[in-house]
Every structure is written in C-alpha cells, then in structure tokens.
Amino acid sequence: MKKILLLVTTFNSLSQAVYVWLRDRGYDVGVVFAMDLRRDEYVEAFMPDVILSPFLKHYIPPKIYERYPTFVFHPGIRGDRGAYSLDYALLDGVREWGGVWLRADELYDGGDIYASGVFEMPYRYKASIYRQEMLNVAVGSLDELFSNISTLTSTPQILNPLHTPLNQELRGIDWDRDSCDEIIRKVYASDSHPGVLDEICGVKCYLFGIHKEDRLRGKPKEILAKRDGAICLGTVDGAVWISHLKEPNSFKLPATYLLKDKIQGIKEHRLPLIWDRSYDTFYEVSVDIVDEVGYLYFNFHNGAMSTAQCIRLKYAIEYLKEQVKVLVLMGGEDFFSNGIHLNILEDSKKQGEDGWANINAINDVISSIIYADEVVTVASFGKNAGAGGVFLGLACDFVVAKEGVVLNPHYKTLGLTGSEYHTYTLPKRVGKSLSQKLLDECMPISANYAHKIGMVDKLLESDRYMTNLHEYVKELYDDDFLWDKQEYLLDNKEMIESHKEQELEIMYPEFWEEDSLFHKLRYEFVYKVCAVGTPERFLAFSV
C-alpha cells in the first residue's frame with residue numbers, strides 16, 4: 001500500500017495534517033477535490049491503493065468506493081451519524097468525545113469502523129477542538145487504520161438515526177434567561193460555523209469569539225465596554241465578550257468594526273501588557289516571565305494580524321527586550337500566526353492604502369525581532385502557521401516546533417509574492433534553491449520536515465511541550481552569542497534592509513493595482529468561495 005489519494009471537500013487543517021503525515025512516511029500522496037467535474041478521471045489516473053477522506057461533505061459514488069478501498073473520517077464516536085456531531089456534543093455537554101475512520105458504503109456514516117480514538121472534551125469552541133483534539137485523533141489513528149485495512153479488522157457501526165439539522169432556533173440566545181455558561185456553550189457549539197444569529201445595536205449578525213468576563217456587570221445584552229475590537233455584553237448573571245460579528249451573506253469582522261458609529265460612546269477598557277490574569281476576561285496580547293525568559297502570547301483570531309494588532313505586538317516586543325534575557329514568541333491558542341488580516345482589508349474602502357499599511361506594520365514587527373540585539377529571540381511553533389506568520393517566526397534567532405504542527409511557507413495562493421523579510425530569513429536557513437521551491441510549490445510541510453531541512457532548530461514532542469521548551473530556551477542566553485549577533489547586524493543591516501525593500505517594490509502593484517490577482521483571491525478567501533476544481537498545485541503531485 002503505497003499510493004494514497006485524499007478525496008476532500010477542501011484542503012483544511014485536518015486534511016493538511018493527514019497529507020504531511022503520509023508524505024513524511026514515504027507514501028505517494030495525491031489530492032483531489034470531491035466536487036471536481038474531472039474527479040473520476042483524476043482518480044482513475046492516480047490509481048490509488050487506498051482513498052482517504054479526512055474532510056468530506058460530498059457523497060462518494062459507488063463506482064469509487066466499490067473499486068477502491070475508501071475510508072472517511074467522521075468527527076464523532078461510534079454510533080454518532082450525520083452532520084453537526086461536534087455541535088451537538090458541545091451543546092449536550094458531553095465529557096468524552098472522539099472520531100472514527102469508516103469504510104465508505106451506501107449508508108451515510110454507516111460503514112464499518114477501522115480505527116478510532118477518544119479525548120476528554122475541553123471547554124473551548126468547536127473549531128478549536130476540531131483543529132486540535134479531533135485532528136490528533138484522526139492523525140493518531142492512521143497507523144491503526146492501515147494495520148486494520150491490511151488484516152481486514154473492523155467493528156460494525158451502530159446504525160443510530162442521523163442527527164437532525166441544528167437550526168438557529170436551537171442555537172439562539174435568550175438574553176433574559178440564559179446564564180453566561182449557557183451563552184458560552186451555544187456560541188462555542190457554533191464557532192466558527194455558522195455562528196449564533198442575534199441582533200446587536202439593531203444590526204442582525206452572527207456571534208463569534210466568546211470570552212467570559214468576571215468583573216464588569218450590566219443589564220442583559222447591554223454593551224458595557226470595548227477592547228481591541230471586541231465588545232462586552234451584560235448577562236443575567238455576569239458578562240461576556242464577543243470578539244467578532246458577521247452580517248448575513250457577508251464575512252466575519254471584529255465586533256467594533258461592524259458596529260462602528262453605533263458604539264462611539266462606549267469606553268475602551270484597556271489592560272496592561274503584564275497583569276496577573278487572576279480573573280476571566282478578553283485579551284489578545286499577554287506575557288509570562290519565568291527565569292528571565294519572557295513568553296509573549298498574541299492570541300489573534302484565526303492568526304490574522306491587523307495593522308493595529310501589529311503595532312501593539314511591536315510595542316510589546318520593544319518593551320520586553322529590556323525586561324528579559326530570552327524572548328519567546330508563542331502565538332495564539334489555535335495558530336502561531338497567519339500573517340496580514342485579509343478580512344479587514346476586504347472591508348476597507350481604501351484597500352490599497354490599508355493593505356500597504358498592514359504589510360508595513362508586520363514588517364515593523366519583524367524588524368524589531370531581527371534587530372533585537374540585546375536579547376535572544378525564539379519562535380515557538382506550538383501551533384500551525386501560514387504565509388507571513390511562518391516568516392514572522394523565522395525572523396527569530398532560534399525556531400522551535402512541536403511535532404504534528406503544519407507550516408505553509410508560501411504566499412502565491414493569495415496572489416502575493418510576500419514580504420516579512422522572507423527573502424532574507426528563509427534562504428539563510430534552507431538555501432536559495434529549496435527556499436524558492438517551497439515558495440513555488442505552495443504545499444504544506446510538517447514540523448518534522450522543517451526540522452530536517454534546517455527551517456526549525458529544535459523539534460519537541462507534544463507531550464510536556466511547555467516544560468521541554470522552557471528547559472531548552474532558558475539555556476540559550478549567551479554573552480558571546482549576543483556580541484556576535486550585534487556585530488553581524490552592524491555589518492549586514494544594509495543587506496538585510498535591501499531584501500525588504502526589494503520585496504515591497506514587487507508587492508506594491510499587488511496591493512494598489514485594481515486588476516491585481518490579490519483582490520480576486522482575497523475576495524474568494526474571505527467569502528469562502530468553494531473551488532469548483534482541484535487546484536493545479538495538487539494535480540502536479542497527484543497525476
């Protein structure tokens with residue numbers, strides 16, 4: 001069994017994790033989109049030994065699953081069938097959940113189970129659980145899946161009824177009755193899709209990104225404060241923060257961006273960079289300092305970094321450089337970083353100007369990292385990263401990654417050539433030839449592969465990651481290293497800056513010209529326009 005075809009609805013985080021797992025183990029892996037009109041032709045041309053569908057919303061026809069052993073991952077335990085699996089599990093408050101690999105047949109989620117896994121259900125939102133615990137089950141059970149395929153070992157599925165559709169009536173919030181915990185559970189079960197439909201300040205919108213607030217109090221649904229794009233709403237027993245809203249048939253934006261003039265009188269309730277975090281509230285940037293090591297967290301929604309967020313992150317870095325000996329960039333709870341904020345740019349009436357400001361703002365963050373000659377800087381890829389977020393990490397002196405993390409070190413899928421000093425930092429680590437190959441192929445790579453080629457300095461197991469990370473980074477401070485770093489930066493600043501200037505020169509028309517491909521691809525990304533065919537970059541590897 002050497003040729004594996006991934007038949008997917010879209011190449012999401014789980015599909016990418018399965019892809020890199022297979023590639024790292026020497027499998028010949030193809031990718032075909034399930035809705036592609038030429039799907040059957042591509043399948044026949046690839047002639048797979050096995051078809052895997054880590055993420056599938058389309059029916060597989062008998063002519064495929066009867067000819068090729070086909071296995072679909074379902075994000076639910078044995079006996080769970082149909083859509084809305086995680087949604088119902090969160091609403092029902094189950095303590096344990098899991099996923100199964102099913103053999104595709106004529107029944108919806110009714111085939112025999114060839115591999116499975118379970119996890120303790122965390123108190124987080126649906127998409128986060130899917131990207132972390134559920135992904136770990138799917139990838140972690142692949143060895144079991146292949147072993148059971150070879151021995152024809154399986155367990156019959158329990159043919160329970162399919163889930164009934166979970167509509168907005170069931171998801172909706174009753175602000176005069178629902179407690180904070182009930183409201184949080186409803187938003188968690190609907191985030192990142194479809195959201196909870198509500199009305200705020202007369203604006204009909206879906207709610208996303210909920211956080212409990214321990215101190216502020218007010219009437220149910222009263223807007224009590226705003227902070228870093230989020231709004232705080234009173235409840236019958238406390239308050240919650242909502243970070244993002246989405247109008248019907250539109251796209252997700254920070255709450256204050258969508259409400260704009262309607263909340264001008266609401267106070268901006270700020271937090272200091274360093275605070276004790278002794279109570280629950282919403283915050284994006286924070287720091288822990290242990291043994292003169294500063295761990296800087298920037299938990300930006302979906303890893304997107306707006307101009308304002310970049311400015312705040314730069315100020316945090318500049319401040320911490322004088323407070324610690326080693327500065328570790330930690331990223332957020334679900335992503336390290338994914339670069340500039342495409343949704344805010346799509347919303348802008350001055351897209352060229354605001355896009356240009358955003359790319360220069362993230363370059364300023366990276367500049368503050370590169371020229372931090374008084375501290376040792378470390379990037380911790382404990383979560384996935386993409387585009388400019390990868391190169392944000394590569395700006396550091398040392399790069400650490402957790403096993404299982406997926407990196408997407410490229411820009412072209414959004415019509416950009418990219419900046420973030422990547423023409424300096426990437427070749428410095430992997431060489432010019434491999435650097436260009438990664439940028440051109442636009443395929444995900446594993447943390448293991450990144451370590452193998454020198455993009456990552458240290459690879460750590462997922463178990464006890466933070467403990468092992470601290471043991472590693474606290475030993476990195478060295479006066480001789482910093483002296484050499486200062487001398488190198490002094491001698492090479494002009495060269496380093498020339499890379500950035502050349503990048504920006506190429507990028508300028510990509511932001512400012514009306515017929516730039518970036519505008520079309522950004523629109524499709526933001527509005528989640530489904531691809532009607534398999535992208536060419538996948539076919540190059542598949543057929």
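Begin by selecting Lys126, which is buried (under 20% relative accessible area, where exposed is over 50% and partly exposed lies in between, with a 1.4 Å probe and protein chains only), at a relative accessible area of 13%. The model is predicted: local features need pLDDT of at least 70 and side-chain atom pairs count only at pLDDT 80 or more, while totals for chains, interfaces and linings use all residues. Residues are numbered from 1 along each chain as its sequence is written, and side-chain values use heavy atoms, with hydrogens and water left out.

Display the surroundings of Lys126. Contact here means heavy atoms within 4.5 Å. Leaving aside neighbours within four places in sequence, Lys126 is in contact with Leu86, Asp87 and Leu90, and also with Tyr188, Ala189, Ser190, Asp191, Ser192 and His193.

**Helix 5 and helix 1**

Lys126 lies in helix 5. Helices (H or I, at least four residues) and strands (E, at least two) are DSSP runs, numbered from the N terminus. Next, select residues 126-140, which are helix 5, together with residues 13-24, which are helix 1; the two pack at an angle of about 35°, with their axes 10 Å apart. Axes are lines fitted to C-alpha atoms, for helices over the stretch in contact, and angles run from 0 to 180 degrees between N-to-C directions. On the helix 1 side, the contact is made by Ser13, Leu14, Ala17, Val18 and Trp21, and on the helix 5 side by Tyr130, Arg131, Leu135, Ala138 and Val139. These residues divide into eight nonpolar, one polar and one charged. Ala, Val, Leu, Ile, Met, Phe, Trp, Tyr, Cys and Pro count as nonpolar, Asp, Glu, Lys and Arg as charged, and the others, Gly among them, as polar.

Move to residues 203-213, strand 8, where eight of the eleven residues are buried. Two strands pair if DSSP finds at least two bridges between them. Strand 7 (residues 196-200) runs antiparallel to strand 8 and is joined to it by five bridges; Asp198 has Cys205 as its bridge partner. Two residues separate these strands in a hairpin, and Cys201 in the turn has a positive phi of about 55°. Strand 8 is also joined to strand 11 (residues 238-246), antiparallel, by seven bridges, with Leu207 opposite Leu245.

**Strands 9 and 10**

Select residues 223-227, strand 9, in which five of five residues are buried. Four bridges pair strand 9 with strand 10 (residues 230-235) in the antiparallel sense, and Lys226 is partnered by Ile231. In the hairpin, Asp228 takes a positive phi near 50°.

Colour the open sheet with the order 13-14-15-17-19-22, whose pairing is mixed. Strand 13 (285-290) and strand 22 (458-460) stand at the edges with a single partner strand each, so one side of each is left without a neighbour in the sheet. The twist averages 20° from one strand to the next. Strand 14 (residues 293-298) and strand 15 (residues 326-331) run parallel and are joined by five bridges, Gly294 having Leu327 as its partner. Then show helix 10 (residues 307-320), which lies across strand 13, strand 14 and strand 15 and runs at about 175° to strand 14.

**The four-stranded sheet**

Finish at the open sheet ordered 16-18-20-21, again with mixed pairing. Strand 20 (residues 406-408) is joined to strand 21 by two antiparallel bridges, and Leu407 stands opposite Ile445.
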